Amino acid sequence: QVQLVESGGGLVQAGGSLRLSCAASGRTFSTYAMGWFRQAPGKEREFVARIRWNSGSTYFADSVKGRFTISGDNAKSTVYLQMNSLKPEDTAVYYCAASIARRTVLTNEGSYDYWGQGTQVTVSS
């Protein structure tokens, strides 16, 4: 199986930046794609971004497009989420997820097989 551990969350002012990391361990060679989701208090978990390992293809939710960047380091089995121009509405627990199948759609929770424990991101106004 695959274990995922997120890190890098914290408190930042609006307009600031944070970089989240997701370190994968275990059967990391089996992962096809990695995604980031977030969940704010009282809301359902929502898709943020994803990356396909082989192609490097990335995709972002409209709410973060142009502000967030996702990247991966195969040697370190780590995925990053660079968050710039942060807004208070970005405040949420951010979760890393891994898919072990060649799925076409990677914007739903059900498309992922493994999840990290989450890291809190708080953006103050």
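These entries record what I looked up in the structure.

**Ground rules**

I am working on a predicted model, in which local features need pLDDT of at least 70 and side-chain atom pairs count only at pLDDT 80 or more, while totals for chains, interfaces and linings use all residues. Residues are numbered from 1 along each chain as its sequence is written, and side-chain values use heavy atoms, with hydrogens and water left out.

**Disulfide**

I looked for disulfides, taken as pairs of cysteine sulfur atoms within 2.5 Å, and found one in the structure. C22 is joined to C96, with an S to S distance of 2.0 Å, and at -80° about the S-S bond the link of C22 and C96 is left-handed. The pair connects distant parts of the chain, C22 in strand β3 (residues 18–26) and C96 in strand β9 (residues 92–99), 74 residues apart. For the strand labels I use DSSP runs numbered from the N terminus (strands are E, at least two residues; helices are H or I, at least four). I then checked burial, where buried means under 20% relative accessible area, exposed over 50%, and partly exposed in between, with a 1.4 Å probe and protein chains only. C22 and C96 are both buried.

**Salt bridges**

How many salt bridges does the structure hold? I counted a side-chain nitrogen of Lys or Arg within 4 Å of a carboxyl oxygen of Asp or Glu, and the structure holds five salt bridges. One of them joins D90 to R38, with the closest N and O atoms 2.9 Å apart; D90 lies in the loop between β8 (78–83) and β9, R38 lies in strand β4 (residues 33–39), and 52 residues separate them. Both D90 and R38 are buried.

D90 also forms a salt bridge with R67, where the closest N and O atoms are 2.7 Å apart. R67 lies in the loop between β6 (58–60) and β7 (68–73) and D90 in the loop between β8 and β9, so this pair ties together parts that are 23 residues apart in sequence. I noted a relative accessible area of 10% for R67, which is buried, and of 0% for D90, which is buried too. R38, E46, R67 and D90 are linked in a network of salt bridges.

I also looked up the salt bridge of D113 with R103, whose closest N and O atoms are 3.1 Å apart; D113 is in the loop between β9 and β10 (114–115), R103 is in the loop between β9 and β10, and they are ten residues apart. D113 is partly exposed at 33% relative accessible area, and R103 is partly exposed at 25%.

**Aromatic rings**

I paired rings of Phe, Tyr and Trp (its six-membered ring) if their centres lie within 6.5 Å, with planes under 30 degrees apart counted as stacked, over 60 as edge-to-face and the rest as tilted. By this rule I have five aromatic pairs. Y112 and W115 form an edge-to-face pair, 6.1 Å centre to centre with 65° between the planes. Y112 is buried, with a relative accessible area of 5%, whereas W115 is partly exposed at 27%. Ring pairs link F37, F47, Y59, Y112 and W115 into a cluster.

I next asked which rings have the charged end of R45 over them, requiring NZ of Lys or CZ of Arg within 6 Å of the ring centre and within 35 degrees of the ring normal. The charged end of R45 sits over the ring of Y95, 3.7 Å from its centre, and over the ring of W115, 5.1 Å from its centre.

**Strand pairing**

I took two strands as paired if DSSP finds at least two bridges between them. β8 runs antiparallel to β3, joined by six bridges, with L20 opposite L81 in β8. β8 also runs antiparallel to β7 through six bridges, and S71 has Y80 in β8 as its bridge partner. β7 and β8 form a hairpin with four residues between them, and S77 in the turn has a positive phi of about 50°. Five of the six residues of β8 are buried, so β8 is largely enclosed by the rest of the structure.

In strand β5 (residues 46–52), six of the seven residues are buried, so β5 is largely enclosed by the rest of the structure. β4 and β5 pair in the antiparallel sense over six bridges, and their hairpin has six residues between the strands, with G42 at a positive phi near 80°. β5 and β6 run antiparallel with three bridges, I51 having T58 in β6 as its bridge partner.
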